[in-house]
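Please read these notes with the model open beside you. They go from the whole chain to single residues.

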Amino acid sequence: MKKTIAMAALAVAISLGSVSCKKKVSDADLQTQATTVVTSNPGASVEVKEGVAHLSGTFETQEAKDAMIKQLKAINGIKDVHDMATVAPATTMPASVETQSAVDPAVQQKVQDAVKDIPGIQVEVVNGELTLTGSISSSDARKVKESVDALKVGKVNYNYTVKK
């Protein structure tokens, strides 16, 4: 009888210990899982830091981007998803892009100053809209987006390519 009680107490202690010692998922494991999810969209990339997924790149539709965010949030251990991705314009760009000066030159200069230390990014006025083009890393893409958004200059097209 004493052995049965001792065994039951031991079983309860072990089960409580295993429940309370839930293993925290590392950022490296989360990065692997998130990268696997994001590979379905070749224009996108993801970086995981402290359990937060930072999604960047370009999606063909808003629905595709929303679905990707939902899939990332479904990964066990992902606390949040920071959306830094863009949706490609629905229409195709003409072969020759006409540059117009409908953007205030002072605004254009502010944006150029904000991204001057980030190699590979260009600030242009395309079809009357302020547009960022080039090819940059995902960490630089985040810096660019945060810097330009902080300026509160209005609509900006992020048409750069994020390289892995």
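1. Buried residues make up 33% of the 164 residues in this predicted protein model. Buried here means under 20% relative accessible area, exposed means over 50%, and partly exposed lies in between (1.4 Å probe, protein chains only). The protein exposes about 10500 Å², and carbon and sulfur atoms supply 57% of that area. Accessible areas come from the Shrake-Rupley method with a 1.4 Å probe; for residues, only the protein chains shown count as cover.

2. A word on how to read the model. Residues are numbered from 1 along each chain as its sequence is written, and side-chain values use heavy atoms, with hydrogens and water left out. Because this is a predicted model, local features need pLDDT of at least 70 and side-chain atom pairs count only at pLDDT 80 or more, while totals for chains, interfaces and linings use all residues.

3. The score pLDDT is the predictor's confidence in each residue, from 0 to 100. Its mean over the protein is 79, and 78% of the residues reach 70 or more. Over residues 6–12 pLDDT stays under 50, and the model has zero contacts there beyond four places in sequence. A contact means heavy atoms within 4.5 Å. Where pLDDT is low, the predicted coordinates should not be read in detail.

4. The secondary structure comes to five helices and seven strands. From the N terminus on, the order is α-α-β-β-α-β-α-β-β-α-β-β. Helices (H or I, at least four residues) and strands (E, at least two) are DSSP runs, numbered from the N terminus. Among contacts between residues at least 6 apart in sequence, 56% join residues at least 24 apart.

5. Strand β2 (residues 52–59) deserves a careful look. Seven of its eight residues are buried. Strand β1 (residues 44–49) pairs with β2 in the antiparallel sense over six bridges; two strands pair if DSSP finds at least two bridges between them. E47 stands opposite H54 in β2. The hairpin of β1 and β2 has two residues between the strands, and E50 takes a positive phi near 55° in it.

6. Strand β2 also pairs with β3 (residues 80–87), in the parallel sense and over eight bridges. Here F59 stands opposite V87 in β3. Together, β2, helix α3 (residues 62–73) and β3 make a right-handed β-α-β unit. Right-handed means that, with the strands pointing away from the viewer, the path from the first strand over the helix to the second runs clockwise.

7. Is K65 buried or exposed? K65 counts as buried because its relative accessibility is 8%. This lysine is in helix α3. Leaving aside neighbours within four places in sequence, K65 is in contact with F59, D83, A85 and V87.

8. E60 is found in the loop between β2 and α3. With a relative accessible area of 71%, E60 is exposed. Not counting residues up to four places away in sequence, E60 touches V87 and A88.

9. A nonpolar core is a set of buried Ala, Val, Leu, Ile, Met, Phe, Trp, Tyr and Cys residues joined through side-chain atoms within 4.5 Å. The largest has 17 residues, of which L132, V144, V148 and Y160 touch the most other members. The elements giving two or more residues to this core are β4 (121–126), β5 (129–137), α5 (138–151) and β6 (156–158). Apart from it lies another core, of 16 residues, among them V46, A53, I69 and I78.
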